[in-house]
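Open your viewer and let's take a walk through this model together. At each stop you will get something to select and a note on what is there.

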Amino acid sequence: TQLGRLHRDHGDYRRADQLYRGALHAIRVNAGLASAQQLPILQELIVLHRASGDLEALDQVQEDHFRVAVHGGDGTAGERSVAAQRYVAWQREALRRGIDGDRNARLVALYDTTQRLLDAVMVEPAPDQARQRQWTLSQLDNLYLILGDRPIQEQVGAGIGNSSRVGGTTRSPEYVRQRITRLQETGVARGRDLLLDYRQHWPGMTPRASAEVSLALADWYQWNDKLQSAGKHYREAALTLRDAGETALAARWFSSARALPTHRVFSPRVDADAPGSVTVRAQFRVSRRGNVSDINILSVSGGDSRRAQALKSMLRETHFRPRLLADGTPADVQVTRQYELYR
């Protein structure tokens, strides 16, 4: 391992890989395939393949690390949870990068893996609220990704290809097609049930924690065009914060319109050799229902007005959380935002 690190630091990635894998083989022969002694070397390999840019090899090592760290039987629940979080973060990066061209198979595997992690928390003698919340919201993010894709029937060649091995399981193209179709058909209800189940399991939550669940549920409904249900839960969140005296937090959430999702689950893929970004400053109105109108392009870096015009259609297709007054009533608002556009 030390010799492998030396070759890695000198840029000889091929020789370093050989040495690391020799060390792994020795451990597996002597201590077993699930031995935690592999973890430091697997972590070295993750660093190595990051540095070399070998994303396919990195993907396999991430699978091995997850298998050993989470299912190997060693380590505390907290350590296993951290390893699982890193694995899920890698899977989302792999989706953004499109490293294997089989996005649907990876989405299905990511959803199933996250559900297993959530179920494992719930069968513990004393379930941990923080970890249940973590995996509930992580699964909701997966549903954002699944419903954010085009319906499977519209995807070119969605049912064509060879069997894929993702998440440690081999899946046929037909299985993946049926599974992703079902998730897209039932996704809105699944997201709702995730949040309601979490709330029901922890009835003694603080007002702030309860308002966070209401907000997540409202954003989910708003993003899926269930505006009446969204409005009900936005008002519930706003009033819960008002009654608890959380005026600063209420202002942060509701003083202006916010694009949904409010986190970076849809992080863009930016290619190193793609044309540079264009900075566009725009002003527009967001209605009390979250609809965008009256879009004005105020300025464009580099004067590329043609690319800037594409922002208008993007904004019209974006779901926004509306502005809310102190009593939970939605209101129109004019906002000015700056965007980076990439080709």
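**Before you start.** This is a predicted model, in which local features need pLDDT of at least 70 and side-chain atom pairs count only at pLDDT 80 or more, while totals for chains, interfaces and linings use all residues. Residues are numbered from 1 along each chain as its sequence is written, and side-chain values use heavy atoms, with hydrogens and water left out.

**Stop 1: the whole chain.** Show the cartoon and you will find twelve helices and nine strands; these are DSSP runs, helices being H or I of at least four residues and strands E of at least two, numbered from the N terminus. The C-alpha trace spans about 65 × 55 × 40 Å along its principal axes. Of the 343 residues, 42% count as buried (buried is under 20% relative accessible area, exposed over 50%, partly exposed in between, with a 1.4 Å probe and protein chains only).

**Stop 2: the cores.** Now select L45, W135, W220, Y234, W253 and F254, the residues that touch the most other members of the largest nonpolar core, which has 71 residues. Such a core is a set of buried Ala, Val, Leu, Ile, Met, Phe, Trp, Tyr and Cys residues joined through side-chain atoms within 4.5 Å. Color helix α9 (residues 207–223) next: it gives the most to this core, with ten residues. A second, separate core of 15 residues includes A257, F284, L311 and L315.

Zoom in on W220. Leaving out residues up to four places away in sequence, W220 touches L140, L143, Y144, L147, G187, V188, G191 and R192, where contact means heavy atoms within 4.5 Å.

**Stop 3: Q91.** Select helix α5 (residues 77–97) and find Q91 in it. Is Q91 buried or exposed? Q91 counts as buried, at 2% relative accessibility. Beyond four places in sequence, its contacts are D59, E63, R106 and L110. With R106 there is a side-chain to side-chain polar contact at 2.6 Å (a pair of N or O atoms within 3.5 Å; within protein, one must be able to donate a hydrogen and the other to accept it, and residues adjacent in sequence count only if both atoms are side-chain atoms).

**Stop 4: S301.** Finish in the loop between β5 (292–300) and α12 (305–316), where S301 sits. S301 is partly exposed, with a relative accessible area of 34%. Its side chain reaches the backbone nitrogen of T279 at 2.9 Å.
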